[in-house]
Amino acid sequence: MPKKGGGNAVQIVQRHHFASHLKRMAVIVRIQEEFLVFVKGAPETIQDRLLALPPSYVDTYKKYTRQGSRVLALAFKNLPDMTVSEARSLDRDVVETGLTFAGFAVFNCPIRADSAAVLSELKNSSHDLVMITGDQALTACHVASQVHIITKPALILYPSRSGQGYEWISPDEVEKISYGDKEAEELSETHDLCVGGDCFEMLQQSSAVVGVIPYVKVFARVAPEQKELILTTFKTVGRITLMCGDGTNDVGALKQAHVGVALLNAVPPTQSGNTSSETPKDGALKLSKSKKAKPEASNVNGESSSRGKAVSRSDSASQSAGNRHQTAAEMQRQRLKKLMEEMNEEGDGRSAPIVKLGDASMASPFTAKHASVAPTTDIIRQGRSTLVTTLQMFKILGLNCLATAYVLSVMYLDGVKLGDVQATISGVFTAAFFLFISQARPLPTLSAERPHPNIFCFYVFLSLMGQFAIHLLFLMSSVKSAEKYMPDECIEPDSEFHPNLVNTVSYMVSMMLQLATFAVNYIGHPFNQSITESKPFLYALLAASGFFTVITSDLFRGLNDWLKLVPLPPELRNKLLIWAVLMFVSCYTWERLLKWAFPGKIPAWKKHHQRLAAANVEKKKNV
């Protein structure tokens, strides 16, 4: 409806909704008794449906798309005299042809403040970034260059102007390279490639999907089913994929990705002192700052506020005007109440948004509360931290089990046992270590280094075997040295526990091994906090080291008597302390050597891709 003061009402008779494969939408309207068609869509789509193409049409829209703006072409045409039913029955293709160009609608969509920083961090942490968008290719390339997805000269795949084949063209149309199935990998080393949705059919018909898609950085004008094809192709060549999506058209791709992250279009919370929104009795709405951050919401809020004031004025006027004014005021109240209910449904911008049917979150395991890609770094940081924590837990458990198995089997046959208090103290320290080691938090920034992806690998196997060999040598040597100071006597394995020198030495050595196992196998930087940064674990290690130093040096005889530990000869005591230091240094050196020799690697997907490409070539020859 036009504003008051002139103009005619515009009645929409028929609406042809937007379709991703058509890239346009149209409405048939009636102004008084005249029927018109209004169409808007992608400039490259509308230009083929114009009666007369302006000379500067292509140059104009490309100028703005190269600057990163979104451009819609607007067109119209007059319809002959007809009835409403006839207008509604017109075929869509007839409605959207023979148009007159009206102009361009140019939208400047600024990038979120945190997007460039987050994507830069992802790229620096050995991840490849790919953009999949419905925007025009030139717009997509400009935005991708601003957020560090594109860092090399860009090439966009277009149908050749001669009508035969395709060619790679730079955004400024200076560089042109003929398209070939086998040239994508070579071109990707010097350029960043962009492919539009109109080229997917050609890639599928020529069986070049596997040969081209893995090397493309930007996918533009992409339909929902094409997004799904992109993700399945990446998985086929061995890539591990994480995708962010915020709409229903992303559902298929989010399901195909290894990790799907749905972004809800909510307003990020603002740091403000007054975060409560109030609804005064007079109907005027006092809005929080977080609600004003969204343009659409601001318009609605401003309207509701003015209506609220109108209600209050109507209330005061109705007392002296009569029933007619009271009826108008009642209608205003109902409108205000409806607006308030709609606003409440949208949320206040601070609480978690309500997930509705059709949201991308229905198809993804992760849902971000706000429309920001920052949660992807949180997922990767937490995932890496969980992986390395699990890895170190298995290594520590493995070494402890191997040492305990030797103590409880071979040494048990020699009559070596642990007292009840000794076993209890050992268990308490083990539980405390496992508790505090799990308190380490991931580092705030991602590193380029990757953790080992699984437990069954050369690094873990060699680390376990090497450390266990050092532990076993230390344990056996210490017990043999203690036996020299023991009188020759036969100890029955099933007899009651009696403190002796061999028991004391074996208990001290096993506890030293336990301490060294936790300290050496803790994985800190570059994934988790280091030992010095993880204060609970650091204090536990220091407390355990002090405890073992006290009982080994026999500073408090009463404590050793309570633990059923006999005094050690000075020579044996010094030898144990020296061997303990050598054992720790040897295990630490062995672990660092293996980490240098077997670093975490990025999956070698290109070799797998080359085998797939060769198989496709053979398949085409056989066909």
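Visitor: Which residue in E2 is the bridge partner of Val 10?

Guide: Ile 31 is that partner. A word on the source: this is a predicted model, in which local features need pLDDT of at least 70, side-chain atom pairs count only at pLDDT 80 or more, and totals for chains, interfaces and linings use all residues. Residues are numbered from 1 along each chain as its sequence is written, and side-chain values use heavy atoms, with hydrogens and water left out.

Visitor: What makes E1 and E2 a pair?

Guide: Strands are DSSP runs of E with at least two residues, helices are runs of H or I with at least four, and both are numbered from the N terminus. Two strands pair if DSSP finds at least two bridges between them. Strand E1 (residues 10–19) and E2 share seven bridges in the antiparallel sense, so they count as a pair. Arg 15 stands opposite Val 27 in E2.

Visitor: Why are E1 and E5 called edge strands?

Guide: Five strands form an open sheet in the order E1-E2-E3-E4-E5, with antiparallel pairing. E1 and E5 each pair on one side only.

Visitor: Why is E2 described as mostly covered?

Guide: Six of the eight residues of strand E2 (residues 24–31) are buried. Buried means under 20% relative accessible area, exposed over 50%, and partly exposed in between (1.4 Å probe, protein chains only).

Visitor: Why is the pair of Tyr 57 and Phe 101 called edge-to-face?

Guide: Rings of Phe, Tyr and Trp (its six-membered ring) pair if their centres lie within 6.5 Å; planes under 30 degrees apart count as stacked, over 60 as edge-to-face and the rest as tilted. Here the centres are 5.1 Å apart and the planes stand at 75°, so the pair is edge-to-face. Tyr 57 lies in helix H2 (residues 57–66) and Phe 101 in strand E5 (residues 100–107), so the pair ties together parts 44 residues apart in sequence.

Visitor: Is Tyr 57 buried or exposed?

Guide: Tyr 57 has 1% relative accessibility, so it counts as buried. Phe 101, with a relative accessible area of 22%, is partly exposed.

Visitor: Why are H17 and H21 called roughly antiparallel?

Guide: The axes of helix H17 (residues 458–483) and helix H21 (residues 570–597) come within 10 Å and cross at roughly 170°. Axes are lines fitted to C-alpha atoms, for helices over the stretch in contact (heavy atoms within 4.5 Å), and angles run from 0 to 180 degrees between N-to-C directions. Angles under 35 degrees count as roughly parallel, over 145 as roughly antiparallel, 65 to 115 as roughly perpendicular and the rest as oblique. H17 and H21 are therefore roughly antiparallel.

Visitor: What makes phi of Arg 221 stand out?

Guide: Most residues other than glycine have a negative phi. Phi of Arg 221 is near 50°, a positive value. Arg 221 is in the loop between strand E11 (216–220) and helix H10 (224–236), and at 18% relative accessibility it counts as buried. Phi of Lys 564 is also positive, near 60°, but Lys 564 is partly exposed, with a relative accessible area of 40%.
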